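Open the model in your viewer and keep the selection panel at hand. The stops below say what to pick and what is there.

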Amino acid sequence: MSSKDEWDYFRNGPSTWVTKFPMAAGSRQSPVNIETKRAESDHEALSSKPLRWKYPSTASRKLINPGYCWQVDTDAEGTFLSGGPLMDDVYKLEQYHCHWGCSDSRGSEHTVDGQAFAGELHLVHWNTSKYKTFAEAAKASDGLAVLGVFLKVGKTHEEMDKIARLLPYVSHKYEVVEITEPIDPGKLLPVRGGRAGTQRCVNPCMRWADRIIPRHENKWDFQDDNGYWTYLGSLTTPPCNESVTWILFKKYIEVSHHQLNIFRNLRKFPRGEECPCHENHGVVMNNFRPPMPLGNRVLRECGSF
């Protein structure tokens, strides 16, 4: 990355991004504050195409420290996301990463009625129905889809623990480690039912009686207690491309205080280039962008708590 493109969450923080990345001043920026009273119930439109996904347990390939979070790159083949606001387009999982704060009371990028969570997990997908590469999709208004999951402090999360155990091997910027123990992205989502590596479906807009379909007629595993908010937004890191359809689960997952502290020990400098005199002693924390104005965009919801 050239010096002119450098950015971070401290010296060159979110308030300065627009000087180097003009898109950051756009009218479709993310994250936003989810005002629940403003959300439009769109049962008919969203229930006509249930939200569906498939993540093989072998999809997670590499754990990377890009200097501002931890990120897991995936083997997109075999992954699948469709339905809901995405309609019939098929999206594949490119990577997933996490945002967190310096304390357990903040760290999420999106907020709900002004309330922040301890962190936020993002599963980033690209539209393979219309575009040939992730880079091409990232420039298109309907090119990307991100599943957002809020993190709340509580019990230890088994799948997150697999990531936490690998973080010492990528403790400095640019370090990479191959993932040998399967990490199932599907188990990072706040849903019930289904099996690791199988296809899953969420259609909380329908009555439960209408959602029960015999297994011999359908391969989907249906969920009965999940909902989400969706709106058109952007990447929350530079260059802040306005190419994302956001799908934010209403339910959160629990992670432990210890797991979050391991995240906070990631270092934002390569080995030998630490700068311990400032920037929280060179560790990654508060790696979240504040909410941006929703403006006249439509916030839709499907399902309820």
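Select Glu-254 first. Glu-254 is partly exposed, at a relative accessible area of 29%; that class runs between buried, under 20%, and exposed, over 50%, with a 1.4 Å probe and protein chains only. Glu-254 sits in strand β15. Strands here are DSSP runs of E, at least two residues; helices are runs of H or I, at least four; both are numbered from the N terminus.

This is a predicted model, where local features need pLDDT of at least 70, side-chain atom pairs count only at pLDDT 80 or more, and totals for chains, interfaces and linings use all residues. Residues are numbered from 1 along each chain as its sequence is written, and side-chain values use heavy atoms, leaving out hydrogens and water.

In sequence, Lys-155 and Glu-254 are 99 residues apart; their C-alpha atoms are 5.9 Å apart. The Glu-254 side chain comes to 3.0 Å from the backbone nitrogen of Lys-155. Now show what else touches Glu-254. Beyond four places in sequence, its contacts (heavy atoms within 4.5 Å) are Lys-152, Gly-154, Lys-155 and His-157.

Next, the interior. A nonpolar core is a set of buried Ala, Val, Leu, Ile, Met, Phe, Trp, Tyr and Cys residues joined through side-chain atoms within 4.5 Å. The largest one has 44 residues. Select Leu-63, Trp-70, Tyr-96, Trp-100, Leu-121, Met-160 and Leu-189, which have the most contacts inside this core. Elements giving two or more residues to it include β3 (51–54), β9 (119–127), α4 (158–166) and β15 (244–255). β7 gives the most, with 5 residues.

Centre on Leu-63. Leaving out residues up to four places away in sequence, Leu-63 touches Trp-70, Ile-163, Leu-166 and Val-177, among others. A separate core of 22 residues lies apart from the largest one; Ile-34, Val-124, Ala-137 and Val-146 are among its members.

Now colour the cysteines. How many disulfides does a search of the whole structure find? It finds 0, with a cut-off of 2.5 Å between cysteine sulfur atoms. Cys-69 is buried, at 1% relative accessible area. Its closest cysteine sulfur is in Cys-98, 8.2 Å away, too far for a bond. Cys-240 is also buried, at 0%.

Finish by colouring on pLDDT, the predictor's confidence in each residue, from 0 to 100. The chain averages 86, and 82% of residues score at least 70. Select 193–198: pLDDT stays under 50 there, and the model has 19 contacts beyond four places in sequence for this stretch. Then select 206–225, where pLDDT is also below 50. That stretch has 36 contacts beyond near neighbours in sequence.

Key
A polar contact is a pair of N or O atoms within 3.5 Å; within protein, one must be able to donate a hydrogen and the other to accept it, and residues adjacent in sequence count only if both atoms are side-chain atoms.
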